Amino acid sequence: MSKLHLEIITPQRIVLSEEVDSVTIPAVEGEITILPSHIALFTRVKPGEIHYLKGKEQRFMAVNEGFLEVLNDKINILTDYAVRSEEVEVAKAEEAKKRAQVALREKKSGQDFVVAEAQLRKAILDLKVAKRGRGRVI
Amino acid sequence: MAANIRLLQRRRRTAKNIAQITRAMEMVAASKMRKAQEKTVAAKPYSDKLRLLSQNLIGRIEESKHPYLLPRQKGKTLVLLVSSDKGLCGGFNSSLLREFLRFVKEKSEVEVVTVGKKLKKAVLRTEALLIADFPFGSSVPLFESILPVVNLIKDGFIKGEYKKVAALFTQFVSLGVQKPVFTTILPVEKETEELSKTAVAISYKFEPNTSELLTALMPHYLEMSIYQILLESYASEQAARMLAMHQASENAKDVIWQLSLTYNKVRQERITNELLDIAGGAMGVSL
(Lines give C-alpha, C1' and ligand atoms only; values in the text may rest on other atoms or scores of the structure.)
Protein backbone atom coordinates (compact mmCIF):
# COMPACT_ATOMS: atom_id res chain seq x y z
CA MET A 1 0.00 0.00 0.00
CA SER A 2 1.21 3.45 -0.80
CA LYS A 3 2.22 5.74 2.02
CA LEU A 4 1.54 9.32 2.92
CA HIS A 5 4.25 11.87 3.38
CA LEU A 6 3.41 14.03 6.37
CA GLU A 7 5.15 17.34 6.91
CA ILE A 8 4.44 19.73 9.72
CA ILE A 9 5.99 23.10 9.04
CA THR A 10 6.30 26.06 11.40
CA PRO A 11 8.01 29.39 10.75
CA GLN A 12 10.94 28.21 12.85
CA ARG A 13 11.54 24.79 11.38
CA ILE A 14 10.11 21.64 9.88
CA VAL A 15 8.87 19.88 12.97
CA LEU A 16 8.07 16.58 11.36
CA SER A 17 8.71 14.95 8.03
CA GLU A 18 7.77 11.30 7.90
CA GLU A 19 6.24 8.51 5.84
CA VAL A 20 3.01 7.49 7.53
CA ASP A 21 -0.01 5.28 6.89
CA SER A 22 -2.79 7.58 8.07
CA VAL A 23 -3.23 10.92 9.74
CA THR A 24 -6.09 12.24 11.86
CA ILE A 25 -6.41 15.99 12.02
CA PRO A 26 -8.78 18.38 13.80
CA ALA A 27 -10.08 20.40 10.85
CA VAL A 28 -12.61 23.22 11.17
CA GLU A 29 -15.38 21.08 9.74
CA GLY A 30 -14.64 18.30 12.20
CA GLU A 31 -11.94 15.73 12.72
CA ILE A 32 -10.79 14.08 9.52
CA THR A 33 -8.62 11.09 8.84
CA ILE A 34 -6.57 11.09 5.70
CA LEU A 35 -5.57 7.89 3.98
CA PRO A 36 -3.46 7.46 0.87
CA SER A 37 -4.99 8.58 -2.47
CA HIS A 38 -6.99 11.32 -0.82
CA ILE A 39 -8.20 14.09 -3.15
CA ALA A 40 -6.43 17.44 -3.11
CA LEU A 41 -7.75 19.29 -0.10
CA PHE A 42 -7.14 22.63 1.49
CA THR A 43 -8.65 23.46 4.83
CA ARG A 44 -8.03 25.06 8.19
CA VAL A 45 -6.75 23.21 11.22
CA LYS A 46 -8.11 23.90 14.68
CA PRO A 47 -5.81 23.87 17.69
CA GLY A 48 -5.77 20.30 18.91
CA GLU A 49 -4.23 16.93 18.63
CA ILE A 50 -2.94 15.25 15.53
CA HIS A 51 -2.32 11.55 15.59
CA TYR A 52 -0.81 9.43 12.92
CA LEU A 53 -0.21 5.78 12.32
CA LYS A 54 3.13 4.49 11.30
CA GLY A 55 2.92 0.77 10.84
CA LYS A 56 1.45 -0.46 14.07
CA GLU A 57 2.53 2.53 16.06
CA GLN A 58 0.33 5.47 16.89
CA ARG A 59 1.96 8.82 17.62
CA PHE A 60 0.63 12.14 18.83
CA MET A 61 1.35 15.77 18.28
CA ALA A 62 -0.09 19.02 19.52
CA VAL A 63 -0.71 21.70 16.90
CA ASN A 64 -1.96 25.22 17.06
CA GLU A 65 -4.22 26.84 14.49
CA GLY A 66 -3.05 26.39 10.97
CA PHE A 67 -3.69 25.08 7.51
CA LEU A 68 -3.77 21.68 5.92
CA GLU A 69 -2.89 20.89 2.36
CA VAL A 70 -3.28 17.44 0.88
CA LEU A 71 -1.84 16.94 -2.56
CA ASN A 72 -0.72 13.74 -4.29
CA ASP A 73 -0.30 11.83 -1.03
CA LYS A 74 1.69 14.65 0.46
CA ILE A 75 0.25 16.24 3.55
CA ASN A 76 1.52 19.65 4.55
CA ILE A 77 0.41 21.23 7.78
CA LEU A 78 1.33 24.87 8.23
CA THR A 79 1.03 26.09 11.76
CA ASP A 80 2.76 28.56 14.02
CA TYR A 81 3.30 25.97 16.71
CA ALA A 82 3.60 22.20 16.82
CA VAL A 83 5.24 19.76 19.19
CA ARG A 84 5.55 16.00 19.43
CA SER A 85 4.06 14.40 22.50
CA GLU A 86 7.41 13.03 23.66
CA GLU A 87 9.03 16.44 23.28
CA VAL A 88 6.64 18.31 25.55
CA GLU A 89 8.42 19.47 28.65
CA VAL A 90 5.76 18.80 31.22
CA ALA A 91 7.25 20.99 33.93
CA LYS A 92 7.55 23.92 31.58
CA ALA A 93 4.04 23.46 30.25
CA GLU A 94 2.62 23.29 33.79
CA GLU A 95 4.42 26.46 34.66
CA ALA A 96 3.21 28.21 31.52
CA LYS A 97 -0.33 27.12 32.30
CA LYS A 98 -0.14 28.59 35.80
CA ARG A 99 1.36 31.82 34.54
CA ALA A 100 -1.34 32.18 31.92
CA GLN A 101 -4.06 31.49 34.49
CA VAL A 102 -2.68 34.16 36.79
CA ALA A 103 -2.59 36.62 33.91
CA LEU A 104 -6.18 35.80 33.05
CA ARG A 105 -7.32 36.20 36.64
CA GLU A 106 -5.76 39.63 36.79
CA LYS A 107 -8.02 40.50 33.89
CA LYS A 108 -5.48 42.33 31.87
CA SER A 109 -6.96 44.16 28.95
CA GLY A 110 -6.72 43.87 25.18
CA GLN A 111 -3.52 42.44 23.80
CA ASP A 112 -2.28 40.98 27.10
CA PHE A 113 -5.51 39.10 27.61
CA VAL A 114 -5.43 37.62 24.14
CA VAL A 115 -1.81 36.57 24.58
CA ALA A 116 -2.49 34.99 27.97
CA GLU A 117 -5.49 33.15 26.65
CA ALA A 118 -3.52 31.78 23.72
CA GLN A 119 -0.74 30.67 26.04
CA LEU A 120 -3.17 28.93 28.31
CA ARG A 121 -4.73 27.09 25.43
CA LYS A 122 -1.30 26.06 24.20
CA ALA A 123 -0.19 24.86 27.61
CA ILE A 124 -3.34 22.77 28.11
CA LEU A 125 -2.87 21.24 24.69
CA ASP A 126 0.77 20.43 25.41
CA LEU A 127 -0.16 18.72 28.65
CA LYS A 128 -2.91 16.76 26.96
CA VAL A 129 -0.64 15.23 24.36
CA ALA A 130 2.15 14.78 26.88
CA LYS A 131 -0.11 12.32 28.71
CA ARG A 132 -0.15 10.22 25.57
CA GLY A 133 3.52 9.60 26.11
CA ARG A 134 5.73 8.31 23.36
CA GLY A 135 2.83 6.85 21.45
CA ARG A 136 1.59 3.31 21.58
CA VAL A 137 1.43 0.16 19.57
CA ILE A 138 -2.03 -0.97 18.57
CA MET B 1 60.86 66.92 21.11
CA ALA B 2 60.41 64.52 23.96
CA ALA B 3 56.76 65.49 24.34
CA ASN B 4 56.29 64.90 20.65
CA ILE B 5 57.59 61.37 20.97
CA ARG B 6 55.31 60.61 23.87
CA LEU B 7 52.37 62.05 21.96
CA LEU B 8 53.13 59.82 19.01
CA GLN B 9 53.32 56.79 21.27
CA ARG B 10 50.00 57.66 22.84
CA ARG B 11 48.30 58.13 19.52
CA ARG B 12 49.61 54.82 18.30
CA ARG B 13 48.27 53.08 21.38
CA THR B 14 44.85 54.66 20.86
CA ALA B 15 44.77 53.55 17.26
CA LYS B 16 45.66 50.01 18.37
CA ASN B 17 42.83 49.97 20.88
CA ILE B 18 40.35 51.18 18.31
CA ALA B 19 41.52 48.55 15.87
CA GLN B 20 40.96 45.90 18.50
CA ILE B 21 37.42 47.07 19.18
CA THR B 22 36.45 47.38 15.53
CA ARG B 23 37.85 43.94 14.81
CA ALA B 24 35.77 42.49 17.63
CA MET B 25 32.66 44.28 16.37
CA GLU B 26 33.32 42.97 12.90
CA MET B 27 33.37 39.43 14.17
CA VAL B 28 30.24 39.90 16.28
CA ALA B 29 28.42 41.30 13.26
CA ALA B 30 29.59 38.37 11.16
CA SER B 31 28.22 35.81 13.59
CA LYS B 32 24.94 37.71 13.99
CA MET B 33 24.54 37.81 10.26
CA ARG B 34 25.08 34.07 10.00
CA LYS B 35 22.37 33.55 12.58
CA ALA B 36 19.97 35.74 10.63
CA GLN B 37 20.67 33.78 7.49
CA GLU B 38 20.07 30.48 9.28
CA LYS B 39 16.71 31.80 10.49
CA THR B 40 15.78 32.90 7.00
CA VAL B 41 16.62 29.48 5.63
CA ALA B 42 14.66 27.77 8.41
CA ALA B 43 11.60 29.91 7.69
CA LYS B 44 11.74 29.31 3.96
CA PRO B 45 9.67 26.10 3.69
CA TYR B 46 6.87 27.73 5.66
CA SER B 47 6.84 30.99 3.78
CA ASP B 48 7.14 29.34 0.36
CA LYS B 49 4.21 27.05 1.03
CA LEU B 50 2.19 29.89 2.47
CA ARG B 51 2.85 32.01 -0.57
CA LEU B 52 1.89 29.25 -2.96
CA LEU B 53 -1.36 28.55 -1.14
CA SER B 54 -2.18 32.24 -0.87
CA GLN B 55 -1.57 32.76 -4.56
CA ASN B 56 -3.79 29.81 -5.34
CA LEU B 57 -6.60 31.37 -3.33
CA ILE B 58 -5.99 34.86 -4.66
CA GLY B 59 -6.15 33.53 -8.19
CA ARG B 60 -9.61 32.15 -7.52
CA ILE B 61 -11.19 35.12 -5.86
CA GLU B 62 -12.25 38.29 -7.60
CA GLU B 63 -10.27 41.27 -6.42
CA SER B 64 -13.30 43.26 -5.46
CA LYS B 65 -14.68 40.49 -3.30
CA HIS B 66 -12.11 40.59 -0.56
CA PRO B 67 -10.89 43.48 1.60
CA TYR B 68 -7.25 42.39 1.41
CA LEU B 69 -7.24 42.34 -2.37
CA LEU B 70 -9.41 45.33 -3.15
CA PRO B 71 -7.51 48.05 -5.00
CA ARG B 72 -8.45 51.46 -3.61
CA GLN B 73 -8.54 54.89 -5.16
CA LYS B 74 -8.56 57.09 -2.12
CA GLY B 75 -6.73 57.12 1.16
CA LYS B 76 -3.34 57.72 2.66
CA THR B 77 -0.19 55.74 2.13
CA LEU B 78 1.31 53.91 5.05
CA VAL B 79 5.01 53.18 5.03
CA LEU B 80 6.62 50.60 7.25
CA LEU B 81 10.14 51.90 7.64
CA VAL B 82 12.61 49.35 8.90
CA SER B 83 15.90 50.75 10.15
CA SER B 84 18.18 49.70 13.00
CA ASP B 85 18.44 50.52 16.68
CA LYS B 86 22.19 50.86 16.64
CA GLY B 87 24.54 52.87 14.50
CA LEU B 88 28.08 52.13 13.34
CA CYS B 89 26.85 50.33 10.29
CA GLY B 90 28.11 52.49 7.46
CA GLY B 91 25.57 53.96 5.11
CA PHE B 92 22.83 51.56 6.19
CA ASN B 93 20.48 54.09 7.76
CA SER B 94 21.42 57.10 5.68
CA SER B 95 20.66 55.39 2.39
CA LEU B 96 17.29 54.32 3.80
CA LEU B 97 16.62 57.90 4.80
CA ARG B 98 17.57 59.19 1.37
CA GLU B 99 15.12 56.81 -0.23
CA PHE B 100 12.44 57.75 2.27
CA LEU B 101 12.85 61.49 1.73
CA ARG B 102 12.55 61.04 -1.99
CA PHE B 103 9.34 59.11 -1.47
CA VAL B 104 7.85 61.70 0.89
CA LYS B 105 8.58 64.47 -1.58
CA GLU B 106 6.63 62.73 -4.32
CA LYS B 107 3.63 61.65 -2.30
CA SER B 108 1.26 63.50 -0.08
CA GLU B 109 -0.49 62.15 2.99
CA VAL B 110 2.12 59.69 4.06
CA GLU B 111 1.93 58.03 7.43
CA VAL B 112 4.81 56.08 8.84
CA VAL B 113 5.38 53.21 11.21
CA THR B 114 9.02 52.83 12.10
CA VAL B 115 10.81 49.77 13.36
CA GLY B 116 14.22 50.70 14.71
CA LYS B 117 15.13 53.87 16.56
CA LYS B 118 17.56 55.31 14.08
CA LEU B 119 15.14 56.76 11.60
CA LYS B 120 12.43 57.76 14.05
CA LYS B 121 13.83 61.24 14.66
CA ALA B 122 14.46 61.77 10.97
CA VAL B 123 10.83 60.95 10.21
CA LEU B 124 9.65 63.48 12.81
CA ARG B 125 11.47 66.19 10.91
CA THR B 126 9.58 65.47 7.68
CA GLU B 127 5.99 66.21 6.75
CA ALA B 128 5.08 62.56 7.10
CA LEU B 129 3.12 61.64 10.18
CA LEU B 130 4.69 59.12 12.51
CA ILE B 131 1.86 57.02 13.93
CA ALA B 132 3.84 54.37 15.77
CA ASP B 133 7.39 53.32 16.44
CA PHE B 134 8.75 49.99 17.51
CA PRO B 135 12.24 49.14 18.70
CA PHE B 136 14.17 46.67 16.59
CA GLY B 137 16.35 45.17 19.31
CA SER B 138 19.91 44.12 18.88
CA SER B 139 19.43 40.43 18.23
CA VAL B 140 17.57 38.38 15.62
CA PRO B 141 13.96 39.63 15.60
CA LEU B 142 11.51 37.25 17.24
CA PHE B 143 8.44 36.15 15.37
CA GLU B 144 6.20 37.27 18.25
CA SER B 145 7.64 40.78 18.17
CA ILE B 146 6.04 41.59 14.83
CA LEU B 147 2.47 40.81 15.84
CA PRO B 148 1.62 44.34 17.09
CA VAL B 149 3.06 45.79 13.88
CA VAL B 150 0.97 43.44 11.77
CA ASN B 151 -2.20 44.21 13.73
CA LEU B 152 -1.70 47.92 13.30
CA ILE B 153 -1.22 47.64 9.57
CA LYS B 154 -4.04 45.16 9.10
CA ASP B 155 -6.61 47.12 11.09
CA GLY B 156 -5.75 50.41 9.40
CA PHE B 157 -6.07 48.87 5.98
CA ILE B 158 -9.30 47.01 6.63
CA LYS B 159 -10.86 50.19 8.02
CA GLY B 160 -10.07 51.83 4.70
CA GLU B 161 -7.72 54.46 6.07
CA TYR B 162 -4.99 53.56 3.64
CA LYS B 163 -5.03 52.89 -0.04
CA LYS B 164 -1.67 51.24 0.08
CA VAL B 165 0.70 49.86 2.67
CA ALA B 166 4.31 49.61 1.60
CA ALA B 167 7.50 48.64 3.35
CA LEU B 168 10.82 50.38 2.96
CA PHE B 169 13.62 48.15 4.09
CA THR B 170 17.12 47.13 3.15
CA GLN B 171 17.33 44.20 0.83
CA PHE B 172 20.17 41.77 1.29
CA VAL B 173 21.57 41.45 -2.21
CA SER B 174 24.92 40.02 -1.22
CA LEU B 175 27.51 40.33 1.51
CA GLY B 176 28.85 43.50 -0.01
CA VAL B 177 25.65 44.97 -1.43
CA GLN B 178 22.51 45.94 0.43
CA LYS B 179 20.03 48.32 -1.06
CA PRO B 180 16.88 50.01 0.21
CA VAL B 181 13.74 48.84 -1.59
CA PHE B 182 10.02 49.49 -1.51
CA THR B 183 7.59 46.61 -1.58
CA THR B 184 3.84 46.71 -1.46
CA ILE B 185 2.36 44.79 1.42
CA LEU B 186 -1.31 45.62 0.99
CA PRO B 187 -3.42 45.24 -1.04
CA VAL B 188 -1.94 41.83 -1.71
CA GLU B 189 -0.89 41.68 -5.30
CA LYS B 190 -1.03 38.77 -7.64
CA GLU B 191 2.43 37.59 -8.35
CA THR B 192 4.03 37.20 -11.71
CA GLU B 193 1.97 35.30 -14.24
CA GLU B 194 4.07 32.20 -14.19
CA LEU B 195 3.97 31.52 -10.50
CA SER B 196 0.30 32.28 -10.11
CA LYS B 197 -0.53 30.03 -13.05
CA THR B 198 1.25 27.04 -11.60
CA ALA B 199 -0.24 27.79 -8.21
CA VAL B 200 -3.79 28.09 -9.50
CA ALA B 201 -3.43 24.97 -11.63
CA ILE B 202 -3.88 22.79 -8.56
CA SER B 203 -7.58 22.47 -7.89
CA TYR B 204 -8.12 21.70 -4.27
CA LYS B 205 -11.29 20.88 -2.51
CA PHE B 206 -11.69 23.90 -0.28
CA GLU B 207 -13.22 23.56 3.12
CA PRO B 208 -15.18 25.58 4.18
CA ASN B 209 -14.78 27.91 1.15
CA THR B 210 -12.18 30.01 -0.60
CA SER B 211 -13.23 33.36 0.82
CA GLU B 212 -13.21 32.18 4.41
CA LEU B 213 -9.90 30.43 3.94
CA LEU B 214 -8.37 33.56 2.49
CA THR B 215 -9.56 35.61 5.45
CA ALA B 216 -7.90 33.12 7.76
CA LEU B 217 -4.78 32.78 5.67
CA MET B 218 -4.08 36.45 5.08
CA PRO B 219 -3.00 37.41 8.61
CA HIS B 220 -0.44 34.59 8.51
CA TYR B 221 0.67 35.65 5.08
CA LEU B 222 1.14 39.22 6.28
CA GLU B 223 2.96 38.13 9.41
CA MET B 224 5.29 35.99 7.40
CA SER B 225 6.04 38.65 4.79
CA ILE B 226 6.72 41.25 7.46
CA TYR B 227 8.82 38.83 9.44
CA GLN B 228 10.86 38.08 6.34
CA ILE B 229 11.34 41.80 5.80
CA LEU B 230 12.63 42.20 9.34
CA LEU B 231 14.95 39.24 9.03
CA GLU B 232 16.33 40.51 5.78
CA SER B 233 16.81 43.99 7.18
CA TYR B 234 18.61 42.50 10.15
CA ALA B 235 20.93 40.49 7.95
CA SER B 236 21.61 43.61 5.87
CA GLU B 237 22.32 45.67 8.95
CA GLN B 238 24.84 43.16 10.22
CA ALA B 239 26.46 42.84 6.82
CA ALA B 240 26.73 46.62 6.57
CA ARG B 241 28.19 46.79 10.04
CA MET B 242 30.64 44.03 9.28
CA LEU B 243 31.88 45.88 6.23
CA ALA B 244 32.06 49.22 8.02
CA MET B 245 33.98 47.71 10.90
CA HIS B 246 36.30 45.90 8.52
CA GLN B 247 37.05 49.20 6.84
CA ALA B 248 37.61 50.84 10.21
CA SER B 249 40.05 48.11 11.21
CA GLU B 250 41.94 48.57 7.95
CA ASN B 251 42.06 52.32 8.43
CA ALA B 252 43.33 51.91 11.96
CA LYS B 253 46.02 49.61 10.63
CA ASP B 254 47.09 52.31 8.17
CA VAL B 255 47.12 54.92 10.89
CA ILE B 256 49.22 52.69 13.13
CA TRP B 257 51.67 52.12 10.31
CA GLN B 258 51.98 55.85 9.60
CA LEU B 259 52.40 56.70 13.26
CA SER B 260 55.02 53.99 13.75
CA LEU B 261 56.94 55.36 10.80
CA THR B 262 56.90 58.92 12.14
CA TYR B 263 57.74 57.69 15.62
CA ASN B 264 60.78 55.78 14.39
CA LYS B 265 61.95 58.69 12.28
CA VAL B 266 61.66 61.11 15.18
CA ARG B 267 63.45 58.68 17.48
CA GLN B 268 66.26 58.16 15.02
CA GLU B 269 66.58 61.86 14.50
CA ARG B 270 66.85 62.41 18.21
CA ILE B 271 69.57 59.79 18.60
CA THR B 272 71.47 61.29 15.70
CA ASN B 273 71.20 64.73 17.26
CA GLU B 274 72.42 63.42 20.60
CA LEU B 275 75.34 61.70 18.94
CA LEU B 276 76.19 64.90 17.13
CA ASP B 277 76.01 66.75 20.42
CA ILE B 278 78.36 64.29 22.09
CA ALA B 279 80.72 64.29 19.13
CA GLY B 280 80.66 68.08 19.08
CA GLY B 281 81.33 68.19 22.82
CA ALA B 282 84.18 65.72 22.57
CA MET B 283 85.67 67.70 19.74
CA GLY B 284 85.48 70.86 21.89
CA VAL B 285 87.29 69.11 24.76
CA SER B 286 90.07 67.69 22.60
CA LEU B 287 90.82 71.09 21.02
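**Reading the cut-offs in a two-chain model**

Colleague: Why is A:Asn72 counted as exposed?

Modeller: A:Asn72 has 9 C-beta neighbours inside 10 Å, and a residue is called exposed if 12 or fewer other C-beta atoms, placed from the backbone, lie within 10 Å of its own, buried at 20 or more, and partly exposed in between, so A:Asn72 counts as exposed. A:Asn72 sits in the loop between strand E8 (66-71) and strand E9 (74-79) of chain A, and its phi, near 45°, is positive although the residue is not a glycine.

The model is predicted, with local features requiring pLDDT of at least 70 and side-chain atom pairs pLDDT 80 or more, while totals for chains, interfaces and linings use all residues. Residues are numbered from 1 along each chain as its sequence is written, chains are lettered from A and ligands numbered from 1 in the order in which they are written.

Colleague: What makes A:Ser37 count as exposed?

Modeller: A:Ser37 has 10 C-beta neighbours inside 10 Å and therefore also counts as exposed. A:Ser37 lies in the loop between strand E4 (30-34) and strand E5 (41-45) of chain A, and has a positive phi of about 65° without being a glycine.

Colleague: Why do strand E3 (129-134) and strand E5 (178-186) of chain B stand at the edges?

Modeller: The open sheet has the order E3-E2-E1-E4-E5 (chain B), with mixed pairing, and two strands pair if DSSP finds at least two bridges between them. E3 and E5 of chain B each have a single partner strand, so one side of each is left without a neighbour in the sheet. Neighbouring strands of this sheet are turned by 20° against each other on average, direction ignored.

Colleague: What makes E1(B) largely enclosed by the rest of the structure?

Modeller: Five of its seven residues are buried, so E1(B) is largely enclosed. Six bridges join strand E1 (residues 76-82) of chain B to strand E4 (residues 162-172) of chain B in parallel, with B:Leu78 opposite B:Val165 in E4(B). Six bridges also join E1(B) to E2(B), again in parallel, and here B:Leu81 stands opposite B:Thr114 in E2(B).

Colleague: Why is the unit of E1(B), H2(B) and E2(B) called right-handed?

Modeller: With the strands pointing away from the viewer, a crossover is right-handed if the path from the first strand over the helix to the second runs clockwise, and E1(B), H2(B) and E2(B) make a β-α-β unit of that hand.

Colleague: How far can chain B be trusted, and what is its mean pLDDT?

Modeller: The mean pLDDT (the predictor's confidence in each residue, from 0 to 100) of chain B is 87, and 94% of its residues reach 70 or more. The model scores ipTM 0.79 and pTM 0.82.

How values were computed: Helix = DSSP H or I, 4+ residues; strand = E, 2+ residues; numbered from the N terminus. Axes fitted to C-alpha atoms, helices over the stretch in contact; angles between N-to-C directions.
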